[in-house]
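Reader: I have a model open on my screen and I'd like to learn how to read it. Please take me through it one feature at a time.

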Amino acid sequence: MPVKLSTRFAARRRAGAGAVALTLLGPVLLGPAPWAAAANGGQPGLERFYRQKVTWSACEAGAPKDLQCAKVTVPVDYARPGAGTLDLALARYRATGPSKRGSVVLNFGGPGGSGVSELASDGKQFMDLTNGYDVVSFDPRGVGRSSPVSCGAEPGGSSSDTGGTATGDLRDARAARRALDEWKKVAADCARHSGPVLPHIGTVDAARDLDVMRQALGDKKLNYLGFSYGTRLGAVYAAEFPDKVGRVALDGVDTLTEPLAEQGRVAVEGQQTALDDFLDWCVQDIACPFGQDRRRAGDQVTQLVRSLDENPVPTGSGGKLSGQDLVGAIGQALYSKSLWPSLERAIASLVEDGDTRGIQAFSPTGTGGPAPAVRQRLAARPGGGLVDTGQVPPDNMVAAMMAIDCADDPDRPGAARITADLGRLGAEYEEASPVFGRYRLNELLMCYGRPAGTDFIRDEVKNLHTAKMLLVGTRGDPATPYRWTVETARRLGSPAVVLDNRGDGHTGYGSSSCVHRKVDDFLLYGSLPPDGSSCAADTPPDIGG
């Protein structure tokens, strides 16, 4: 049986990302920055990259008029800086206040999310920061327009087309072995379609890109706001470049140490809690597709997923929607209460009319993309130049998520060990959630067939000696639990200052006025809250349909 490419991207990013067609119109000029004469990132051969100066210009029609675009060039392989380059897409809102501190760089999470598209579609909530900064985001290597990776998904297909769906019980040894064979094929497909960036896509290289970007932007130190996976990137940067850390805020703090099996267990528990909260809300509405009996509603969700796994329904794009596709869509919608009414309507349309469009709208894989011949040209594209928006493969978000997470994970157990562990883990996951358990169990196999990742993050990102950093943890976060904030702060050491958000949802900046204010005060004025201080939950808005 084929396996399904994970959509963990949805679980590690803030809701509300949109796709806006942006084309960079301006070149990058290789001229010296004020303090870059001897700058080389601590390594010979990088001087030409550290001498860049960003040139901003207008973005293509469709982007906000006040958004500007640019690019920065980085080496594909930092160990061999002369062996090839790639361009990173950048976007910014210019500073408007009287006091300009340079730039603050945003990473919205994922991994696998386009920062350029996110800033274009959801950037207005960061406008307060333009009182002191240019607000900048970027497409990391392998993501969006920056040499996008792919596993060969066909355009117009469902998420299953990017690898398939594991319909067997992975606790059965034969089903597990079949799934491992399929994941090995997926790994080969990803290598074939992704080009030379794939072996160099991990967070350690992305952090080095951040430092080249910092210098090209003209900043002596990096000011940074990272969400979810973006907190991992920020922490790795701080470990690699401790003397370049400016004001760094990390919201929705990721784990630096837990293996994929434990991360999966946390995700299962968090998403089941979020699903329970959604059902508590849904049954109060007469339009709830699961009725008004709360106990029966939970059973009906499980039954719907199993029914679709046994008999997937056709989609308008020519694919099929399985129960696991539905689980992935539900998982994405649960990270923001503002999406609950849309999720309710989407499930109702699916159940009552067989209409899959509402559910598919929550899929991060998209429904469009380049033809197979175009994808083959992308993989062989010389020079690592930016691709056109229309050439970004439809599965780029998921392909990048898998590639980055696997590049950051040093564990590669063999087939026998995996098969033996799946029985125990499967029972634990199913007990935690009959809806999400199987979906998350399948994710544990996603690195099979790929090279072992780096051990740098587990072994070296600790006991930092940097400027103070603000870490925000949300008590009701279903993706990055509060305990990860506490554990990561303890691991980073004295620079870490923890802000305890007593609210719900994934990350706090966009949902808590208190968190928003305290993060802005730190980034703009250097005003840190006391370590361990808290923000009370905001009064929940009316989310009725």
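Reader: Let me start with a single residue. Is A235 buried or exposed?

Author: A235 has 1% relative accessibility, so it goes down as buried. The cut-offs: buried means under 20% relative accessible area, exposed over 50%, and partly exposed in between, with a 1.4 Å probe and protein chains only. A word on the source: this is a predicted model, where local features need pLDDT of at least 70 and side-chain atom pairs count only at pLDDT 80 or more, while totals for chains, interfaces and linings use all residues. Residues are numbered from 1 along each chain as its sequence is written, and side-chain values use heavy atoms, with hydrogens and water left out.

Reader: Where is A235 found, and what is A235 in contact with?

Author: Look in helix α6, residues 229–240. Helices (H or I, at least four residues) and strands (E, at least two) are DSSP runs, numbered from the N terminus. Setting aside neighbours within four places in sequence, A235 touches L250, L256, V461, L464 and L492, where contact means heavy atoms within 4.5 Å. Take L256 from that list: A235 and L256 are 21 residues apart along the chain, and 8.7 Å separates their C-alpha atoms.

Reader: Let me try a loop residue. Which residues is S433 in contact with?

Author: S433 sits in the loop between α14 (415–432) and α15. With neighbours within four places left aside, S433 meets V268 and Q272. Its relative accessibility is 0%, so S433 counts as buried as well.

Reader: Zooming out, how many helices and strands does the protein chain have?

Author: The protein chain has 18 helices and 14 strands. Of its 545 residues, 60% count as buried. Now take the contacts in the chain with a separation of 6 or more: residues 24 or more positions apart account for 79% of them.

Reader: How do the axes of α8 and α9 cross?

Author: The axes of α8 (residues 294–310) and α9 (residues 323–333) cross at roughly 135° and come within 7 Å. The two helices are therefore oblique to each other. L304, V305, L308 and D309 of α8 make the contact with G323, Q324, L326 and V327 of α9.

Reader: Now the cysteines. How many disulfides are there?

Author: A disulfide is a covalent bond between the sulfur atoms of two cysteines. The rule used is a pair of cysteine sulfur atoms within 2.5 Å, and the count comes to five. With bonded cysteines counted along the chain, the pattern is 1-2, 3-4, 5-6, 7-8, 9-10.

Reader: Which parts does the link of C59 and C69 tie together?

Author: C59 and C69 are joined, S to S 1.9 Å, and the link is right-handed, with 100° about the S-S bond. C59 lies in the loop between β3 (57–58) and β4 (67–75) and C69 in strand β4, so the pair ties together parts 10 residues apart in sequence.

Reader: What is the torsion about the S-S bond of C406 and C447?

Author: About -95°, so the disulfide of C406 and C447 is left-handed. C406 lies in helix α13 (residues 396–407) and C447 in the loop between α15 (437–443) and α16 (456–460), so the pair ties together parts 41 residues apart in sequence. Both C406 and C447 are buried.

Methods. Axes are lines fitted to C-alpha atoms, for helices over the stretch in contact, and angles run from 0 to 180 degrees between N-to-C directions. Angles under 35 degrees count as roughly parallel, over 145 as roughly antiparallel, 65 to 115 as roughly perpendicular and the rest as oblique.
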